[in-house]
Amino acid sequence: MKLLVMVVIALPLLLGLPFTKAATPDLPAAIYTDPPYDPAHPASGQGIQFESHGALINAQLYQPAGAGAHPTVILLHGLPGNEQNLDLAQAIRRAGWTVITFHYRGSWGSGGKYRLVNGVGDAEALLALLDQPEKAAAWGVDPSRTVLIGHSYGGYVAARVASDAPKLLGVALLAPWDVSFNERTWAQLPLARRQSVGVAAFFDVDGRLSGANARSIFDEVMKEGTRLDLTGCAPGLIGRQLLIVTATRDDEGDKATGLLAALHEAHAQHLTAELMDTDHGFNDHRIALESVVLRWLVGLAPASKL
């Protein structure tokens, strides 16, 4: 009996919540409850690979319990991918969704050379593969109920891909990086200052990417930044089911300011925008982030197990 009482008392503390009688009911159950075991079709995870533009891409497949196809999230990490939001992937899987994460060309062991301009092609290659009935069935994917969720650089990739992918059920952008913002901002600095500030911004890149480092990423931002314009994705997103989550303590280039303004001006009817008092990685708002994403997802696919 004492052990049971200790568990009941400790659960809210483990979740970072104050202890009250109603500490958890306002949260989606998938955040704190494991699904029942299905002996015939248990939840599973496996490393998978797919090809993108001649390179072999490393990915991870999270399958929920239950037979048949499930609504599916493709979860896109940022640059270089130190933060992969795998807690979010697990919560989404517990809610009854198949989740696929992958590493872009040249990152974390995937083949090819890393370039900022390549991420869109990698995500499009995966979507095309999921349109093949045999592959979708093998991975438990429902191609008619597929959502892109991207964080930081992955947010830009998700926005750009969704602009040209009408079959997607929805798209969520978490602190999406507008590369063009950095290009415009740094271009105003004296050359020496521009290079030192730009290279320092990618301090966590070296040693993690094939064919790229902090200096080459900075050079690509300055060369391709105008092309990698997040606000330019607005026309293709106006009619989409769209979630944008930003953070108060983030860099200005990750707040989707231009994109949100363009969407509001166009009266985007299916936009859900959330601003959290946290940083770029949502480091002290992980449960809040999961809650927002899960509640948005259940509105897209009500049959999911939230």
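Which residues of α5 are buried? In this predicted model, the buried residues of α5 are Tyr153, Gly154, Gly155, Tyr156, Val157, Ala158, Ala159, Val161, Ala162 and Ser163, where buried means under 20% relative accessible area, exposed means over 50% and partly exposed lies in between, with a 1.4 Å probe and protein chains only. Because ten of the eleven residues of helix α5 (residues 153-163) are buried, this helix is largely enclosed by the rest of the structure. Its buried residues pack against β3, α3, β5, β6 and α9 (234-237), and contact here means heavy atoms within 4.5 Å. Helices (H or I, at least four residues) and strands (E, at least two) are DSSP runs, numbered from the N terminus.

Residues are numbered from 1 along each chain as its sequence is written, and side-chain values use heavy atoms, with hydrogens and water left out. As this is a predicted model, local features need pLDDT of at least 70 and side-chain atom pairs count only at pLDDT 80 or more, while totals for chains, interfaces and linings use all residues.

**Strands**

Strand β7 (residues 242-249) has six buried residues out of eight, so it is largely enclosed by the rest of the structure. Two strands are said to pair if DSSP finds at least two bridges between them. Strand β6 (residues 170-174) pairs with β7 in the parallel sense over four bridges, and Ala172 stands opposite Leu243 in β7. Seven bridges join β7 to β8, and these two strands also run parallel, with Arg249 standing opposite Asp279 in β8. Thr278, which belongs to strand β8 (residues 271-279), is buried, with a relative accessible area of 0%. Leaving out residues up to four places away in sequence, Thr278 touches Ala247, Thr248, Arg249, Asp250, Asn283, Asp284 and His285.

Strand β1 (residues 44-52) and strand β2 (residues 55-63) pair in the antiparallel sense over nine bridges, and the bridge partner of Ser44 in β2 is Gln63. β1 and β2 form a hairpin with two residues between them, and His53 in the turn has a positive phi of about 50°.

**Backbone details**

Most residues other than glycine have a negative phi, and most peptide bonds are trans. Asn85, in the loop between β3 and α2, has a positive phi of about 55° although it is not a glycine, and at 1% relative accessibility Asn85 counts as buried. Ser152, in the loop between β5 and α5, has a positive phi of about 60° and is likewise not a glycine; Ser152 is buried, with a relative accessible area of 10%. The peptide bond from Leu79 to Pro80 is cis, with omega near 0°, and Pro80 is found in the loop between β3 and α2 (86-94).

**Nonpolar cores**

A nonpolar core is a set of buried Ala, Val, Leu, Ile, Met, Phe, Trp, Tyr and Cys residues joined through side-chain atoms within 4.5 Å. The largest nonpolar core has 59 residues, and those with the most contacts inside it are Leu79, Phe102, Leu116, Phe202 and Ile217. Apart from it lies another core of 30 residues, among them Phe282, Val292, Leu300 and Ala301.

**Pockets and cavity**

On a 1 Å grid over the protein atoms alone, a cavity is a set of points where a 1.4 Å probe fits but cannot get out, whereas a pocket is an open set with protein on both sides within 12 Å along at least five of seven lines; lining residues have an atom within 4 Å of a point. Grid points are joined across faces, edges and corners, and a volume is the space filled by probe spheres set on the points.

| Space | Volume |
|---|---|
| Largest pocket | About 630 Å³ |
| Second largest pocket | About 190 Å³ |
| Largest cavity | About 50 Å³ |

The largest pocket is lined by 24 residues, of which Leu79, Ser152, Ala201, Asp254 and His280 lie nearest its centre. Helix α6 (residues 179-187) gives the most to this lining, with four residues. The largest cavity is lined by Leu75, Leu76, His77, Gln84, Thr101, Phe102 and His103, and β3 (70-76) and β4 (98-102) each supply at least two residues of that lining.
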